[in-house]
Amino acid sequence: MLLESIAEKGITSPAVLFALEIVPRHWFVPISFTLEEAYADYALPIGERQTISQPYTVAYQTELLDVQPEQKILEIGTGSGYQAAVLYQMGVDLYSIEFNKVLYQKTKSLFQELGYPIHLFYGDGSQGLSAYAPFDRILMTAGTVQVPEILLQQLQVGGKLVLPVGKPKMQRMTRITRKKTQVFDTETFDLFSFVPLRGKYGTK
Ligand code: SAH
């Protein structure tokens, strides 16, 4: 049901649909939700005033990211860990950073339990993760008014950054490709509503 609804909304990548099919979303939502709610196509609160993204949104961002196995990827905004698990299932080397300590700790112990070798960090992802740069792909799962320049510099040449850009209520999904060392190409897509990016280059 969930997969059909996502495919109907326009997601076509078999790798993305497969990853969404095999990651059990109910592991990533608070226990108080029913299974039906865990597998419905909408965002849910995960505590700390944050949300687990709608499955369609996860699929949309993942498709735009154009993931290839073995790539080194940075996710900004680990949250529940659901998006991270979807990326991990696609065979990538995943780094994910979360600004909220409670969520970071919760998701870290969940990944330990599941045995997922995802590199999790607690810190300000608006500044990227320079110690581990460059990345083939960077995915931001919080909305930002401006694209943090520092993230562009942490992309490999040929690398892509996918992020929602715009005012707090509504952001335009944006993909920036680092064509050459200092040549960037920007593409824009549909409108979404994400929780705001915090930290040094986010909304204060
Ligand atoms: N990818 C998550 C979506 C979580 S919502 C999931 O699959 O569940 C966005 C997350 O971004 C929130 O957990 C929020 O705390 C986090 N966030 C906001 N600003 C951040 C920053 N500067 N660095 C890292 N994480 C940030």
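How far is an oxygen atom of the ligand from an N or O atom in the side chain of Glu 98? I looked this up in the model, which is predicted, and found a distance of 2.5 Å.

**Entry 1: the ligand**

I next listed the surroundings of the ligand. There are 26 residues around it, and Glu 75, Ser 80, Glu 98, Gly 125 and Arg 198 come nearest. For Ser 80, I noted 2.6 Å between an N or O atom of the side chain and an oxygen atom of the ligand. For Glu 75, a side-chain N or O atom lies 2.9 Å from a nitrogen atom of the ligand. I then checked the area of the ligand: taken alone it exposes 580 Å², of which the protein buries 99%.

**Entry 2: the sheet**

I traced an open sheet of seven strands with mixed pairing, in the order E5-E4-E3-E6-E7-E8-E9. Strands E5 (119–122) and E9 (183–192) stand at the edges with a single partner strand each, so one side of each has no neighbour in the sheet. On average, neighbouring strands are turned by 15° against each other, direction ignored. Leu 139 has Val 162 in E7 as its bridge partner.

**Entry 3: helix H5**

I found that H5 packs on the sheet, where it touches E3 (72–76), E4 (93–98) and E6. The direction of H5 makes about 170° with that of E3. Is helix H5 enclosed or open? Six of its eight residues (82–89) are buried, so H5 is largely enclosed by the rest of the structure. The buried residues are Tyr 82, Gln 83, Ala 84, Ala 85, Val 86 and Leu 87. After H5 comes Gly 91, with a positive phi near 80°.

Technical notes
Residues numbered from 1 in each chain as written. Predicted model: local features only at pLDDT ≥ 70, side-chain atom pairs only at ≥ 80, totals over all residues. Heavy atoms only, no water. Buried < 20%, exposed > 50% of the residue type's maximum accessible area, 1.4 Å probe, protein only. Helix = DSSP H or I, 4+ residues; strand = E, 2+ residues; numbered from the N terminus. Pairing = 2+ DSSP bridges. Axes fitted to C-alpha atoms, helices over the stretch in contact; angles between N-to-C directions. Contact = heavy atoms within 4.5 Å. Near = heavy atom within 4 Å. Polar contact = N/O pair within 3.5 Å; in protein donor to acceptor, adjacent residues only side chain to side chain. Areas by Shrake-Rupley, 256 points an atom, 1.4 Å probe, with all protein chains shown as cover.
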